[in-house]
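This report covers selected features of one protein chain. Please have the sequence and the structure open while reading.

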Amino acid sequence: AMVRDATPTAREKMRKMLDIVDGSMRNEEFRALNRVDDVVGESITKRTRVLLRANKAAGERVNAAAKALKGEAVDVQPAMQRFKADLEEMGVKLSTDGGVSWSFEGSDIEGLDGLESSLNKLLQRLAKPRAVDAQAVHRMKRQIDETVTYGKRAEGLGGNTVRIMKALRRNLDQALDQRFPVYKEANDRFSQTRGALDALQDAAGKRIDLTGDNAETALGTLSRRVLGNQVSRQDLL
């Protein structure tokens, strides 16, 4: 009755599972290399690849929209004022009189080389005397993304430093979105697909490579949690 009432796609998956059970009863090597969970993992992998393709296409649209930002003016003063206030709250002394200068002495991160280094790089870029157009703001967003994604592991970023950087990125993005609707549309699509992929990766854990050759096997095993009582069950659902 379950097979009869299932959709054609589900029936095909059931048939594959039964074939694996049948083969496992006949051959020890086949049983060692094949699991019915792999069929479920294959379905999850196909859906993941759809997201990956959509995310890649969205990223290309963002890049195309960003090229059109060259030479365009955008007001980032509110974002920079908020950034300055956040730094000062952390004890970082920031001055914009006669150029941009800063000091970490007496701040929450004084002596923490990784945190000081990351903020130094960001502040040095902001301090360069040059005309800032919308494309430059977009590239600043990308630098922050690289810092909080890869620098977090390499330089021990964490806590308030990451929060402040993300807040600056968010405010810069808001300034661009309000000024350029085409950029906003492409950016929103990219964020939606990236968020879905990140959510799946968080549920799967860092050890599972969603794009790896054996992703379907790992994801199939992971799918067992849906029927269990593990804490990660809700995230996986």
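## Model and terms

A residue is called buried under 20% relative accessible area, exposed over 50%, and partly exposed in between. The model is predicted.

Arg 169 counts as partly exposed, because its relative accessibility is 23%. Arg 169 pairs with Asp 145 in a salt bridge whose closest N and O atoms are 2.6 Å apart. This pair links distant parts of the chain, with Arg 169 in helix α8 (residues 159-179) and Asp 145 in helix α7, 24 residues apart. Asp 145 is partly exposed as well, at a relative accessible area of 27%.

Elsewhere, salt bridges that share partners connect Glu 12, Arg 15 and Asp 19 in one network. A search of the whole structure gives 14 salt bridges.

## Salt bridges within a helix

Two further pairs each sit inside one helix. Arg 31 and Glu 28 are 3 residues apart in helix α3, so about one helical turn separates them. Arg 31 is partly exposed at 37% relative accessibility, whereas Glu 28, at 55%, counts as exposed.

In the second pair, Arg 82 forms a salt bridge with Asp 86, with 2.9 Å between the closest N and O atoms. Both residues lie in helix α5, where a spacing of 4 residues is about one turn of the helix. Asp 86 counts as buried, because its relative accessibility is 7%.

## The second largest pocket

The volume of the second largest pocket is about 520 Å³. Its lining is made up of 20 residues, and those nearest the pocket centre are Val 76, Gln 77, Met 80, Val 100 and Leu 126.

Which helices each supply at least two residues of this lining? They are α5 (77-89), α6 (113-127) and α7 (134-155). The largest share, 5 residues, comes from α5, the helix that also holds the Arg 82 and Asp 86 pair. Sorted by class, the lining of the second largest pocket contains 13 nonpolar, 3 polar and 4 charged residues.

## A nonpolar surface patch

A nonpolar patch on the surface is formed by Val 21, Met 25 and Val 36. Together these residues have about 280 Å² of accessible area. Val 36 belongs to the loop between α3 (28-33) and α4 (37-67). With a relative accessible area of 30%, Val 36 is partly exposed.

Tyr 183 is part of helix α9, which covers residues 181-204. Is Tyr 183 buried or exposed? The relative accessible area of Tyr 183 is 1%, so Tyr 183 is buried.

How values were computed
Residues numbered from 1 in each chain as written. Predicted model: local features only at pLDDT ≥ 70, side-chain atom pairs only at ≥ 80, totals over all residues. Heavy atoms only, no water. 1 Å grid on protein atoms, 1.4 Å probe; cavity = no way out; pocket = protein on both sides within 12 Å on 5 of 7 lines; lining within 4 Å. Points joined across faces, edges and corners; volume = space filled by probe spheres on them. Nonpolar A, V, L, I, M, F, W, Y, C, P; charged D, E, K, R; others polar. Patch = residues over 30% accessible without salt bridge, like charges linked within 9 Å, V, L, I, M, F, W, Y side chains within 5 Å. Areas by Shrake-Rupley, 256 points an atom, 1.4 Å probe, with all protein chains shown as cover. Salt bridge = Lys/Arg side-chain N within 4 Å of Asp/Glu carboxyl O. Buried < 20%, exposed > 50% of the residue type's maximum accessible area, 1.4 Å probe, protein only.
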